[in-house]
Amino acid sequence: MNSFIISILSCWLVLASLNIGTVVKAEEYKGVKGNLLIVGGGLGESNREIYQKFIELAGGETKAKIGIVPVASAALKSSRDFKNSLMKYGVPAERINILPISNHDFSDTSEDESKWKDQLDSRELAEEISQLTAVWFVGGDQLRITETLQKKDGTNSGALDAIWDIYRNGAALGGTSAGAAIMSNVMIAGGDSLGALKQGVVTEEAKTGNQEYEPLLIKKGLGFFQHGIVDQHFNERSRLGRLIVAALTQEKETSTNFAYGIDEDTAMVVNNQLNTIEVVGRNGLAVVDTGKVKQNNDTGLENIRFSYLAPGDKIHYDTKTFDVLASKDTTKGYEYYSFQALPATGVFTPYGRLKNYLTYSLVDNEKMDSVSSCLYDRSGTGYKLIFRKTNETQGYWGYTDGQKDDYSIVNIAMDIVPSKLTFKANPDTSTTYHQSNFEIPKKVKHEDIKGSLVITGGALGSSNRELYERFIELAGGKDKARIGIIPAASGKLTSSNDFKKDLIQYGVKAESIEILPVSNHNFKGTKEDESLWSENRNSLELAEKIKGLTGVWFVGGDQTLITGSLLNEDKSNSQVLNSIWNIYKNGAVLGGTSAGAAIMSGIMLAGGDSYGALTNGITNHYDGMTQQEGGPLYLEQGLGFFQYGIVDQHFDNKARLGRLVAASYEMGDQNQFAYGVDEDTALIVNNTTKKAEVVGRGGVTLVDLSKVQANPQIPSRYKNVVISYIVPGDTVNLRTNEISIFEGKEATKGKEYYNQKIAPNSGVLSPHGLLSHFIAYDLVDNRGVNQVKSYSFNNGTGFEMTFRKTPETNGFWTYKDGQKDDYSFVKVSLDIDPIKVIER
């Protein structure tokens with residue numbers, strides 16, 4: 001019998017030993033008046049929606065009486081931090097207690113809290129709990145919670161009985177990370193997607209040491225949530241595989257076969273009276289339905305159903321139906337995208353994380369009925385993952401936080417097929433790689449620039465206060481700023497009007513903001529024919545008006561429309577562009593997002609993806625926005641405001657490292673960094689100090705080709721590309737390339753937190769799907785490896801990416817926004833090798 005099927009069959013074999021039903025009987029659960037707020041980990045202190053919802057469920061700011069269970073953590077800091085956060089949201093300190101519940105000592109106190117375990121059946125503790133309106137379980141190790149609150153014979157401690165009593169009578173229970181895992185009867189206590197699929201389920205932690213994957217570890221949870229299994233850190237740690245295997249364990253245990261994967265900084269709010277679950281927070285909630293799964297000895301698992309909901313959506317768990325936010329538009333029959341999506345094979349895949357990949361590449365893409373990904377170990381043994389549209393598949397789209405895409409997707413079918421991949425060197429890349437006859441623009445040095453740049457990587461959230469306020473500050477402050485918005489990149493004026501509204505929201509006077517008549521095309525939804533504005537590029541009147549501005553903003557869309565509107569046909573500067581240069585040299589700030597960031601450097605990246613750039617090289621043909629989703633690299637002359645290298649944008653979400661390396665090697669100055677700016681993030685350039693800093697919610701990848709080795713006979717084979725990643729608080733000297741890391745961070749070198757082998761990052765079920773997270777967690781802050789690998793391939797050919805530590809590699813870590821990890825790293829070496837891929 002196939003080993004894959006044996007591992008799945010083990011799911012049922014272990015259930016008998018678990019005796020899950022002894023935690024709480026279903027009839028005892030009926031009539032529970034309290035509700036649950038279950039957070040997927042990574043809860044930001046700034047997440048107002050979640051904090052306010054928990055306080056509301058607890059009775060409100062003045063009536064809430066909240067107890068914090070600290071046992072999951074090794075230190076009391078997380079409990080103290082949560083108490084402080086509740087106080088910031090209005091709960092008085094005297095109405096928040098850290099409960100004396102622990103079976104171990106905490107590392108950051110002088111008291112020996114391990115003695116608390118002797119008080120778990122005390123009347124005093126039960127009485128204290130009885131006065132509470134809510135209980136919160138902090139994150140850490142979920143086994144510490146269950147082993148403390150349950151006795152060795154499986155019965156409840158007095159403290160757990162007291163928590164159950166107040167829950168039945170109306171108290172709210174909440175928790176994050178480990179505090180979420182304990183909520184269901186079947187508790188996921190360990191393992192990963194690859195290990196769960198390959199090795200199945202265990203009930204005792206295996207002492208296997210430093211392995212690249214681990215089986216699914218299941219224990220008894222506390223049973224507060226009776227309607228399925230809960231998993232957490234779902235998006236960051238890519239836990240769909242292990243949740244599917246866990247879901248197969250529950251079919252005979254509960255009346256439902258849904259299982260729930262909660263993203264970080266996101267909560268599922270369970271209303272036990274209405275039988276609903278509402279999504280609250282910043283990311284999504286995955287719902288797995290194994291009710292129609294077919295198992296085949298040769299083909300694995302077929303027809304797993306999978307949905308991914310967003311904040312504002314609800315689930316009726318009794319009827320197994322969804323209510324998607326009414327303001328969203330359906331995508332079926334109205335798909336926005338039409339491109340040939342690549343299989344998700346690693347960190348070079350656009351939209352490579354699970355939800356983004358399925359929404360952009362499949363559900364909202366008219367060209368695709370199915371997409372695929374991989375999951376395998378270092379030997380290439382693993383699985384092919386196939387995601388399919390069905391008649392019931394539907395997508396729902398709207399904007400959130402300004403103009404960020406916000407998708408909900410329901411009823412995608414998924415198949416898991418055993419697979420074996422073999423990778424071999426491919427020296428024949430010259431047969432597909434095309435050089436370009438693109439002429440590098442003549443570089444004009446401007447040493448006397450007094451103005452600044454705000455280069456934003458796209459998807460700028462209206463709530464990104466720090467970024468907006470910095471742009472306004474650089475424009476002279478909200479009382480003195482005079483800002484012009486250039487709408488040319490977009491197909492509508494909506495984004496320009498929205499940016500104007502945002503500036504007004506942050507204090508700029510409406511009369512100090514003007515949408516400039518700069519465009520070479522008509523806008524949808526207006527009465528005027530804006531294509532006539534193309535004559536304005538050399539309007540002396542408009543050029544004179546621009547001279548009175550202190551700031552100019554370029555909205556996103558198609559960057560070729562910006563350059564087409566501001567450059568003359570012979571590629572010389574128009575009068576309007578000369579005026580923009582004039583105010584920039586004299587101190588004005590220029591900013592832009594997405595396309596408005598791409599135009600900033602002299603060489604402008606306008607099309608292609610990482611795989612297409614490495615495989616096919618550079619093309620002279622551009623067919624519009626669809627080319628931004630894939631294909632060979634397309635370059636044009638940019639506007640040259642940024643003098644210190646090539647800029648790329650949407651860098652994290654669209655996985656553009658490969659195309660930035662190719663563009664910089666072929667066309668860039670290898671003594672300068674190339675810059676990849678993440679979404680909702682800006683690189684702020686001070687031309688006076690010749691320094692740049694990062695502002696916003698992501699980071700900037702710095703690509704250094706000064707020591708790269710390449711072979712013209714084997715295009716796209718690169719050795720020793722040096723990668724660094726800087727985040728808010730970090731700076732880079734644009735002349736010397738010296739990187740300065742925020743001094744409040746701790747260096748990870750010699751003090752790495754992790755110690756584990758790492759399977760290749762092979763697609764949407766590999767943990768840490770964003771490039772920066774993959775390098776930070778799996779390599780730089782991990783003493784178990786000196787190198788990690790990922791792949792990018794399609795139709796049998798592709799690339800192996802090897803990221804290596806060098807003597808100069810270092811990582812830097814701290815917490816931000818509560819207890820979210822915040823990493824920077826410097827000087828990781830990358831090798832890119834062309835390969836052939838054989839699949840069996």
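Start by selecting G645, I646, S664, G668, D669, Q670, Q672, F673, A674, V703 and L705: together they line the largest cavity. Keep in mind that you're looking at a predicted model. The volume of this cavity comes out at about 80 Å³. How many cavities of 30 Å³ or more are there? The count comes to five.

One of the lining residues, S664, takes us to the next stop, because helix α20 covers residues 657-667 and S664 is among its buried residues. Colour the whole helix and see how covered α20 is: nine of its eleven residues are buried. Those nine are L657, G658, R659, L660, V661, A662, A663, S664 and M667.

Now hop over to strand β28, residues 603-607. Is this strand enclosed or open? Five of its five residues are buried, so the rest of the structure largely encloses β28.

Where does its side chain reach? Look at Y351: a polar contact of 2.6 Å links the side chains of E629 and Y351. E629 is buried, with a relative accessible area of 11%, which is under the 20% cut-off for that label. Setting aside neighbours within four places in sequence, you'll find E629 in contact with Y337, F339, Y351, D609 and K654.

Last stop: the open sheet. Select its nine strands and follow them across in the order β3-β2-β4-β5-β1-β11-β12-β16-β17; you'll see mixed pairing. Which strands stand at the edges? They are β3 (96-98) and β17 (321-323), and each has a single partner strand, so one side of each has no neighbour in the sheet. From one strand to the next, the twist averages 20 degrees.

Strand β2 (residues 66-69) pairs with β3 in the parallel sense, over three bridges. Click G67 and then N97 in β3, its bridge partner. Finally, bring up helix α4 (residues 77-88), which lies across β2, β3 and β4 (134-137). Compare directions and you'll see that α4 runs at about 180 degrees to β3.

Technical notes:
Residues are numbered from 1 along each chain as its sequence is written. This is a predicted model: local features need pLDDT of at least 70, side-chain atom pairs count only at pLDDT 80 or more; totals for chains, interfaces and linings use all residues. Side-chain values use heavy atoms; hydrogens and water are left out. Two strands pair if DSSP finds at least two bridges between them. Helices (H or I, at least four residues) and strands (E, at least two) are DSSP runs, numbered from the N terminus. Axes are lines fitted to C-alpha atoms, for helices over the stretch in contact, and angles run from 0 to 180 degrees between N-to-C directions. Contact means heavy atoms within 4.5 Å. Buried means under 20% relative accessible area, exposed over 50%, partly exposed in between (1.4 Å probe, protein chains only). A polar contact is a pair of N or O atoms within 3.5 Å; within protein, one must be able to donate a hydrogen and the other to accept it, and residues adjacent in sequence count only if both atoms are side-chain atoms. On a 1 Å grid over the protein atoms alone, a cavity is a set of points where a 1.4 Å probe fits but cannot get out, and a pocket is an open set with protein on both sides within 12 Å along at least five of seven lines; lining residues have an atom within 4 Å of a point. Grid points are joined across faces, edges and corners, and a volume is the space filled by probe spheres set on the points.
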